[in-house]
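Please keep the sequence and the coordinates in view while reading.

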Amino acid sequence: MSNLIVPASASVTRRSFLSTSSKIAGTAAALSTLPVERFVHGASPGDTIKVALIGMGGRGSGAANQALSTGESVKLVAVADVHKDRMDGSLAQLAKAHKDKVAVKDENKFMGFDAYKKAIAQADLVILATPPGFRPMQFEEAVRQGKHVFMEKPVCVDVAGYKKVIAAAAEAKKKNLKVGVGLQRHHQAGYIETIKRIHDGQLGDIQAMRAYWNGNTPWVKPRADLEKTYGRKLTELEYQMRNWYYFVWLCGDHICEQHIHNLDVINWVKKGHPVKARGNGGCETRKGKDYGEIFDHHVVEFEYEDGSVCFSQCRHQLGCWNDVSEHAIGTKGVANLGRYTFTGENKWRYQGGGKDPYQQEHDDLFDAIRNDKPYNEAEYGANSSMTSVLGRMATYSGKEITWEDAMKSNLDTMVKGIDQVSWEEAIKLAPPSSPGEDGMYQLPIPGKTRFI
Ligand SMILES: NC(=O)c1ccc[n+]([C@@H]2O[C@H](COP(=O)([O-])OP(=O)(O)OC[C@H]3O[C@@H](n4cnc5c(N)ncnc54)[C@H](O)[C@@H]3O)[C@@H](O)[C@H]2O)c1
């Protein structure tokens with residue numbers, strides 16, 4: 001096994017749970033009759049906010065830990081996942097850390113692709129932390145049921161998902177629901193101060209920006225290891241669910257899953273999203289049956305309404321120059337945003353402290369719920385997710401793609417009806433891609449692939 005490969009065991013490890021938390025410190029008819037929209041006008045200090053966790057992997061477990069750490073009156077009351085091993089592992093970790101706050105009765109542990117609907121019904125606030133392909137349908141349902149939401153990034157992996165999230169975000173606003181999105185740099189004191197100063201004009205006019213996420217390959221779950229662990233052949237859909245990072249309908253490619261953090265910072269600086277993207281990408285070094293259909297690098301130039309550009313790179317290749325950063329180049333100086341520094345006319349370095357942004361984002365969301373403060377991060381979360389999708393469209397197709405043209409795409413990559421049937425039936429459904437006879441997946445071919 002190479003050092004890139006993590007064991008097929010899919011349970012939440014203590015390390016993944018702690019690293020996220022310590023790194024930074026029925027039927028539709030039945031559901032519609034449930035009492036909804038509790039705490040839409042604030043809560044009394046003693047009122048318990050009931051939380052449901054949907055998607056109980058590393059980040060979902062971390063987010064639940066952070067939600068339960070926001071104060072005394074919060075309880076985890078329902079959970080949903082499609083894999084029992086992940087559910088059991090996550091619940092054990094959470095119960096260890098928050099003995100009195102984990103109150104999940106057996107009847108509120110829901111399994112399967114429709115489990116989210118049932119878990120949402122039990123809660124005041126839901127945490128959505130499945131692979132991102134499922135986010136639009138789950139966010140839409142949470143808003144329909146009148147629940148506050150914390151959802152991880154990215155919030156969509158295609159244009160159909162983007163439109164769904166934008167519509168549900170507007171509905172959430174109407175219902176006064178609070179929505180947090182896991183783009184935690186927005187809750188990181190140094191970023192907040194740095195970007196405030198850029199908006200105050202300390203760098204002059206921003207003419208160009210750089211955004212990088214060049215790093216190593218993340219986890220991979222080889223089919224052979226999975227089949228050995230589970231002692232049977234997996235259906236194609238089951239396999240892709242376990243190895244979700246490498247499939248567009250689930251992950252969106254790493255330009256969406258990871259690089260979104262950097263592109264989101266650039267959008268924050270620009271107070272908007274790009275109007276077009278052009279770029280190059282491919283898969284040079286990360287080849288093999290278990291690496292699915294995504295690229296190992298994307299290099300994109302995003303252009304904003306005012307003509308300014310952002311040069312973006314994201315790469316998963318070993319032995320190369322690595323950097324995760326954002327820079328803004330203005331007429332008066334240059335900012336290294338993640339280092340909170342300016343060079344040039346108004347040389348500056350942030351000296352303040354700051355809390356773990358993963359905890360801060362939950363503290364802020366719960367404060368907004370308890371004190372009825374306006375709070376809806378879904379729209380910018382969707383725009384930043386769509387920025388990543390736009391970049392992918394440009395690199396997969398090799399074409400210049402405008403935001404306007406992208407919006408004409410109605411391609412919905414989610415497997416139709418996946419949450420309408422039993423698990424046994426769902427895993428027999430065909431995912432959008434399947435391997436050829438040699439076990440390899442077809443990668444996009446710039447110049448030939450239509451943008452998706
Ligand atoms: N904000 C951050 O810094 C950050 C960090 C890591 C991950 N994330 C995001 O969090 C999300 C989850 O990532 P992760 O690393 O925890 O992945 P993971 O694979 O560890 O966990 C995903 C969980 O969702 C479950 N699941 C899959 N499909 C489901 C469905 N339809 N319904 C219910 N459960 C389902 C899986 O069984 C698994 O338990 C991703 O969107 C990822 O990008 C954000």
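Strand 1 (residues 49-54) and strand 4 (residues 125-128) are joined in the parallel sense by four bridges. Within this pair, Ile54 has Leu128 of strand 4 opposite it. Two strands are said to pair if DSSP finds at least two bridges between them. Strands (E, at least two residues) and helices (H or I, at least four) are DSSP runs, numbered from the N terminus. The model is a predicted one, in which local features need pLDDT of at least 70 and side-chain atom pairs count only at pLDDT 80 or more, whereas totals for chains, interfaces and linings use all residues. Residue numbers start from 1 along each chain as its sequence is written.

The two strands belong to an open sheet of six strands with parallel pairing, in the order 3-2-1-4-5-6. Its edges are strand 3 (109-111) and strand 6 (179-181), each of which pairs on one side only. On average, neighbouring strands of this sheet are turned by 15 degrees against each other, direction ignored. Angles between N-to-C directions run from 0 to 180 degrees, and axes are lines fitted to C-alpha atoms, for helices over the stretch in contact. Helix 14 (residues 357-371) packs on this sheet and touches strand 1, strand 4, strand 5 (148-151) and strand 6; the directions of helix 14 and strand 5 make about 170 degrees. Contact between two residues requires that their C-beta atoms, placed from the backbone, lie within 7 Å.

A second open sheet has nine strands in the order 14-13-12-11-7-10-9-8-15, with mixed pairing. Strand 14 (348-349) and strand 15 (401-402) are its edge strands, each pairing on one side only. Strand 8 (residues 276-282) and strand 9 (residues 297-303) run antiparallel and share seven bridges, and Asn280 has Val299 of strand 9 as its bridge partner. Strand 9 is also joined to strand 10 by seven bridges, again in the antiparallel sense; here Phe302 stands opposite Cys310 of strand 10. These two strands form a hairpin with five residues between them, and Gly307 in the turn has a positive phi of about 90 degrees. Elsewhere in the sheet, strand 12 (residues 333-336) and strand 13 (residues 341-344) pair antiparallel over four bridges, with Gly333 bridged to Gly344 of strand 13.

Helix 13 (residues 260-270) lies across strand 7, strand 10 and strand 11 and runs at about 165 degrees to strand 7. This helix is mostly covered, with 10 of its 11 residues buried. A residue counts as buried if 20 or more other C-beta atoms, placed from the backbone, lie within 10 Å of its own, as exposed if 12 or fewer do, and as partly exposed in between. Among the buried residues of helix 13 are Ile260, Leu263, Ile266 and Trp268. The buried residues pack against helix 8 (189-199), strand 7 (206-215), helix 12 (254-257), strand 10 (309-316), strand 11 (323-330) and helix 15 (378-397). Just after helix 13, Lys271 takes a positive phi of about 50 degrees.

What of the chain between helix 4 (84-97) and strand 3? Val102 lies in that loop. Val102 counts as buried because 21 other C-beta atoms lie within 10 Å. Leaving aside residues up to four places away in sequence, Val102 touches Leu76, Leu91, Leu94 and Ala95.

Helix 5 (115-122) and helix 6 (residues 135-144) pack with their axes 10 Å apart and at an angle of about 35 degrees. The contact involves Tyr116, Lys117 and Ile120 of helix 5, together with Gln138, Glu141 and Ala142 of helix 6. These residues divide into three nonpolar, one polar and two charged. In this division Ala, Val, Leu, Ile, Met, Phe, Trp, Tyr, Cys and Pro count as nonpolar, Asp, Glu, Lys and Arg as charged, and the others, Gly among them, as polar.

Finally, the ligand is surrounded by 25 residues, the closest being Gly55, Gly57, Arg59, Arg86 and Glu152. Helix 3 provides the largest share, three residues. By type, the shell residues comprise 11 nonpolar, eight polar and six charged.

Conventions:
A residue is near a molecule or strand if its C-beta atom, placed from the backbone, lies within 6 Å of it.
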